[in-house]
Amino acid sequence: MTKQGTVASLFHNALIYDEPYIAHFIYYTLQKKKVTLEDKIEKLYEIELTPEEYEEFQEMKRRDVLQMRPIKLYAIQRNGHLYDFYFAKTPEEAAFLHYQLFGEKVRKVIDAYNKMMDMGIYNTETKRTSTFRELMKEYVKFPVYVCTLEGGGS
């Protein structure tokens, strides 16, 4: 995070470039009147939250009050190094769809959003490379199975 510019410009960029931690932190500190939109970004570095405030902020981010990521990317490991990827609101939705499609009960659902959203995937049928972020825009109904990859996930 650069220290140049205003809180407003950083907030705008955090919303556009999908940075929920920064966006929610700014939103929280604006609500608590610890900063204004006109303040320089460096003022954010000076803010110290009490343990109670930090808990409030974490809860706000967890609830995603800015609705930045209503749909997330989840990975489910199948056999060995194969992973199935799903766009869903919750890990439970991804696990249920996996069960419906493959008849396999899921032990673990991996949140792959931060690690994989900008990874390029080559589609042999369309002969095109797309990121998960680009693919998400092609779907209107969720949850949805996206693909199976070898060696993906964590």
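**How do we know? A chat about this predicted model**

Colleague: Nice to have this predicted model to look at! What share of the contacts in the chain with a separation of 6 or more comes from residues 24 or more positions apart?
Modeller: That share is 57%. A pair counts here when heavy atoms lie within 4.5 Å.

Colleague: Which elements does the chain have, and how many?
Modeller: It holds seven helices and six strands. Starting at the N terminus, they follow the order α-α-α-α-β-β-α-β-α-β-β-α-β.

Colleague: Why is the chain called more spread out than a compact globule?
Modeller: For 154 residues the globule rule gives 15 Å, while the radius of gyration is 19 Å, well over that value, so the chain is more spread out than a compact globule. Along the principal axes, its C-alpha atoms fill a box of roughly 50 × 35 × 25 Å.

Colleague: What makes a residue buried, and what percentage of the chain is buried?
Modeller: The cut-off is a relative accessible area under 20%. Buried residues are 35% of the 154 in the chain.

Colleague: Now the open sheet of four strands: what is its order?
Modeller: The order is β3-β1-β2-β6, and the pairing is antiparallel.

Colleague: What makes β3 and β6 edge strands?
Modeller: Each of them, β3 (110-111) and β6 (144-150), pairs on one side only.

Colleague: And how do you know that β1 and β3 pair?
Modeller: Pairing requires at least two bridges, and β1 (residues 72-77) has two antiparallel bridges with β3, so the two strands count as paired. Within β3, D111 is the bridge partner of Y74.

Definitions and conventions:
Residues are numbered from 1 along each chain as its sequence is written. This is a predicted model: local features need pLDDT of at least 70, side-chain atom pairs count only at pLDDT 80 or more; totals for chains, interfaces and linings use all residues. Side-chain values use heavy atoms; hydrogens and water are left out. The radius of gyration is taken over C-alpha atoms; the globule rule is 2.2 Å times the number of residues to the power 0.38. Buried means under 20% relative accessible area, exposed over 50%, partly exposed in between (1.4 Å probe, protein chains only).
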